[in-house]
Amino acid sequence: MAHRIITQIVVTGSRVLGRAFSEAWKQAQATGEYARAQAKINPNAPTARASLSSGMTMDEACKILNVKPPQGGHANMEEVLARFKKLFDVNDPQNGGSFYLQSKVLRARERIEAEVRPAMEKAAQEAAIKEGWKPKVYKDR
């Protein structure tokens, strides 16, 4: 008799958990599809890049690293990297820090770099065009 009750509890519990996980999966898929659709509509929107790459907004990343937000795609990357190194080392789990905070610091740096990277690439491309085409010539031995 006891085995029958235990079996019913296990079966009922697994059905409830299965439904909960399937609903959570459907909701996560719908959220991802919505984010991708928004990114296709406006690929330069800050929320589009944030939700697809790190899940962190630019404002949140700047607050974590305590730096000013990039203006027009340009940021003081030396300051960002200095703050990143300091906070990353301070939050090292081997030195009694928090892995969670260390990962937030890493994601904040990645988010700022993702925001600045297109402007840096464009500037490098414009500099190369202005400089002219200079192929690298290798001499055979």
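Along the principal axes, the C-alpha trace spans about 85 × 45 × 40 Å.

Before going on, the ground rules. This is a predicted model, in which local features need pLDDT of at least 70 and side-chain atom pairs count only at pLDDT 80 or more, while totals for chains, interfaces and linings use all residues. Residues are numbered from 1 along each chain as its sequence is written, and side-chain values use heavy atoms, with hydrogens and water left out.

Secondary structure next. The protein has five helices and zero strands, so called from DSSP runs numbered from the N terminus, with helices being H or I of at least four residues and strands being E of at least two. The order along the sequence is α-α-α-α-α.

Now burial and surface. Buried residues make up 20% of the 141 residues. The classes are buried for under 20% relative accessible area, exposed for over 50%, and partly exposed in between, with a 1.4 Å probe and protein chains only. The protein exposes about 11,300 Å², and carbon and sulfur atoms supply 58% of that area. Accessible areas come from the Shrake-Rupley method with a 1.4 Å probe, and for residues only the protein chains shown count as cover.

On contacts: among those in the protein with a separation of 6 or more, 51% are between residues 24 or more positions apart. Contact here means heavy atoms within 4.5 Å.

Charges. There are 23 positive and 15 negative ones, and their mean positions are 5 Å apart. Lys and Arg count as positive, Asp and Glu as negative, and His and the chain ends are not counted. Each charge is placed at NZ of Lys, CZ of Arg, CG of Asp or CD of Glu.

How many salt bridges does a search of the whole structure find? It finds six, the criterion being a side-chain nitrogen of Lys or Arg within 4 Å of a carboxyl oxygen of Asp or Glu. I will go through some of them.

One is in helix α1, residues 2–41, where E23 and K26 lie three residues apart, about one turn of the helix. The closest N and O atoms of E23 and K26 are 3.8 Å apart. E23 counts as partly exposed because its relative accessibility is 48%, and K26 counts as exposed because its value is 51%.

Another joins D59 and K63, at 3.4 Å from N to O. D59 and K63 are four residues apart in helix α3, residues 58–65, so about one helical turn separates them. D59 is at 46% relative accessibility and counts as partly exposed, whereas K63 is at 61% and counts as exposed.

Then there is R109 with E113, a salt bridge at 3.5 Å, N to O. R109 and E113 are four residues apart in helix α5, residues 99–131, again about one turn. Is R109 buried or exposed? R109 is buried, because its relative accessibility is 18%. E113, at 21%, counts as partly exposed. Not counting residues up to four places away in sequence, R109 touches L65, V80, L81 and F84.

Staying in helix α5, we come to K104. K104 is partly exposed, at 25% relative accessibility. Which residues is K104 in contact with, leaving aside its neighbours within four places in sequence? They are M56, E60 and I64. K104 and M56 are 48 residues apart in sequence, with a C-alpha to C-alpha distance of 9.1 Å.

Last, two loop residues. N66 lies in the loop between α3 and α4, the latter being residues 77–90. The phi of N66 is near 60°, a positive value in a residue other than glycine. N66 counts as exposed because its relative accessibility is 55%.

P93 is in the loop between α4 and α5. At 37% relative accessibility, P93 counts as partly exposed. Not counting residues up to four places away in sequence, P93 touches F99 and Q102.
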